[in-house]
Amino acid sequence: MSKYIHFLLILCMMSCSSASVKLVDEYYICSPDDYYDTYYLKCKLSSDTDPEIDSLHIVYWNDSTIIVGRGEKKLSWWIIKASSYTLKCCNQDTVMGPFSEHYIQKYMVKNNKTTYHKLVLDK
């Protein structure tokens, strides 16, 4: 039940034009604004090594991994993996991709040590 409440809270927060949703550490999903016309992922404490990924459609995450599907019709999939035990901005987390949806499904099953949260974004 708490997963559903958490999901509804995220949706409510995303409906505001200037909203951002904190995923883990200082990684946020930001609403479309003056910088991007689509939802985008960024680290609030950005360094040159931190990812900034736009055109988000779907996001899965836990403490050690963020998986994003970019695009509209055919998604390209990207994985941000912690360089240590948990994701942390300015810690040289690894960005890998693009991958197929099939690869992502297998990756999530193989690495399902903890449950992934899911968020679907619409423009």
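Trainee: Where is the place of aspartate 93?
Mentor: This is a predicted model: local features need pLDDT of at least 70, side-chain atom pairs count only at pLDDT 80 or more, and totals for chains, interfaces and linings use all residues. Residues are numbered from 1 along each chain as its sequence is written, and side-chain values use heavy atoms, without hydrogens and water. Helices (H or I, at least four residues) and strands (E, at least two) are DSSP runs, numbered from the N terminus. On that numbering, aspartate 93 sits in the loop between β7 (76–81) and β8 (94–99).

Trainee: Which side chain of opposite charge is nearest to aspartate 93?
Mentor: Lys and Arg count as positive, Asp and Glu as negative; His and the chain ends are not counted. Aspartate 93 is buried (buried is under 20% relative accessible area, exposed over 50%, partly exposed in between; 1.4 Å probe, protein chains only). Aspartate 93 has no salt bridge (a side-chain nitrogen of Lys or Arg within 4 Å of a carboxyl oxygen of Asp or Glu). At 9.1 Å, the nearest side chain of opposite charge is lysine 88.

Trainee: Which backbone nitrogen lies 3.1 Å from a polar atom of the side chain of aspartate 93?
Mentor: The charged side chain of lysine 88 is 9.1 Å away. The backbone is another matter: at 3.1 Å from a polar atom of the aspartate 93 side chain lies the backbone nitrogen of lysine 88.

Trainee: With which residue does aspartate 25 form a salt bridge?
Mentor: Aspartate 25 lies in the loop between β1 and β2, and its partner in the loop between β7 and β8, so the pair ties together parts 63 residues apart in sequence. Aspartate 25 is partly exposed at 23% relative accessible area. The closest N and O atoms are 3.6 Å apart, and the partner is lysine 88.

Trainee: How many salt bridges does a search of the whole structure find?
Mentor: Aspartate 25 and lysine 88 form one. Glutamate 26, buried at 18%, pairs with lysine 22, the closest N and O atoms being 3.9 Å apart. Arginine 70 in strand β6 and aspartate 54 in the loop between β4 (52–53) and β5 link distant parts of the chain, with closest N and O atoms 2.6 Å apart. The total for the whole structure is 3.

Trainee: What arc do the buried residues of α2 cover around the axis?
Mentor: Helix α2 (residues 101–110) has Ile104, Tyr107 and Met108 as its buried residues. The arc is that of the directions from the helix axis to the C-beta atoms. These residues sit on the same side of α2 because they cover an arc of only 95 degrees.

Trainee: Which exposed residues does the face of α2 turned away from its buried side carry?
Mentor: Cover for the buried residues includes β5, β6, β7 and β8, by contact (heavy atoms within 4.5 Å). The face turned away carries His102, Lys106, Val109 and Lys110.

Trainee: What phi does glutamine 92 have?
Mentor: Most residues other than glycine have a negative phi. Glutamine 92 is in the loop between β7 and β8 and counts as exposed at 57%. Its phi is positive, at about 55 degrees.

Key
A polar contact is a pair of N or O atoms within 3.5 Å; within protein, one must be able to donate a hydrogen and the other to accept it, and residues adjacent in sequence count only if both atoms are side-chain atoms.
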